[in-house]
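Visitor: Could you walk me through this structure? I'd like to know what sits inside.
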Amino acid sequence: MKIAIVTDTNSGISKQEAEKYGIYLIPMPVIIDDEIYYENENISAEEFYRFLKSDKNVSTSQPSPGDIMDLWNKLLSEDKYDSIVYIPMSSGLSKSCEVAMSLAMDYENKVYVVDNHRLSVTLKESVLQAKELADNGKSAAEIKDILDKDGLNSVIYVTVSTLEYLKKGGRITPAVAMIGSVLNIKPILSIQGNTLDSFAKARNIKKCKSIMIDAIKSDIENRFSENDMSKSTIALAGSNLSEEQIHEWISTVKEAFPDKEIYYDNLPASLACHTGPEAFGIGICFR
């Protein structure tokens with residue numbers, strides 16, 4: 001069986017990485033003052049953050065059913081692939097997964113949609129795992145079953161440098177944003193399964209980083225204690241960080257987890273819209 005692995009840019013996978021790994025990528029719509037752009041297609045990360053920092057209205061949306069089906073039809077009609085495994089962002093954070101599952105019903109078991117409950121770096125790991133499983137001879141149904149079962153074995157923590165974008169996105173009230181700004185309070189958010197929740201607060205980014213690292217350690221010792229650490233991945237993410245900030249973040253986490261290989265990705269636009277620039281994230285997932 002020839003199986004195509006498809007995801008969207010919520011995974012943080014770039015066009016170059018998709019080509020390298022043989023993965024198909026659907027760009028997420030980015031809406032700026034009612035004009036639609038497509039992540040990493042006709043708007044660069046630099047342009048996205050320039051618009052985000054301006055007075056323009058910036059938001060994201062889910063891929064259109066037409067765009068999804070156009071890619072599915074192309075992959076299947078060329079007889080290049082017998083089936084497709086499609087891995088969108090968590091159903092709890094977007095309607096994209098629900099829509100895709102509905103569309104897949106018309107494809108006679110040729111398209112398998114995975115509700116993997118993940119986003120950003122943890123979703124990326126699932127996509128890479130799916131490709132590896134396909135290359136090793138697993139069927140599309142088997143891949144979906146494995147990813148569905150592994151999906152909740154993951155967590156992401158994110159902290160932001162400003163409350164402005166959480167306020168714009170309705171995640172916090174203007175009053176809370178004002179008090180937080182006056183007191184220089186930085187929130188830490190967690191993404192576990194289907195929810196984006198408030199996890200903790202601290203007075204500066206350095207303390208937030210420490211709390212997030214300790215949270216990952218606690219998750220390993222408690223929540224994921226029965227998992228095989230050799231099958232774990234710890235990955236970092238950020239929004240519009242300088243090379244110096246990225247290097248410092250990687251070094252800090254490597255010091256905390258000296259036996260793990262650490263890599264860094266940019267946060268996808270769907271998250272960066274809410275965090276704003278200079279957000280720091282860390283995630284762990286298990287296969």
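This is a predicted model: local features need pLDDT of at least 70, side-chain atom pairs count only at pLDDT 80 or more; totals for chains, interfaces and linings use all residues.

Visitor: How many residues are in the largest nonpolar core?
Guide: The largest nonpolar core has 35 residues, and those with the most contacts inside it include I3, V85 and I143. Such a core is a set of buried Ala, Val, Leu, Ile, Met, Phe, Trp, Tyr and Cys residues joined through side-chain atoms within 4.5 Å, where buried means under 20% relative accessible area, exposed over 50% and partly exposed in between, with a 1.4 Å probe and protein chains only.

Visitor: Which element gives the largest share of this core?
Guide: That is α5, with seven residues; helices (H or I, at least four residues) and strands (E, at least two) are DSSP runs, numbered from the N terminus.

Visitor: New topic: how many salt bridges does a search of the whole structure find?
Guide: The search finds 10, each a side-chain nitrogen of Lys or Arg within 4 Å of a carboxyl oxygen of Asp or Glu.

Visitor: Which parts of the chain does the pair D265 and K124 link?
Guide: The side chains of D265 and K124 meet at 2.9 Å, N to O, and the pair links strand β12, which holds D265, with helix α5, which holds K124, 141 residues apart.

Visitor: Are D265 and K124 buried or exposed?
Guide: Both D265 and K124 are buried.

Note on methods: Residues are numbered from 1 along each chain as its sequence is written. Side-chain values use heavy atoms; hydrogens and water are left out.
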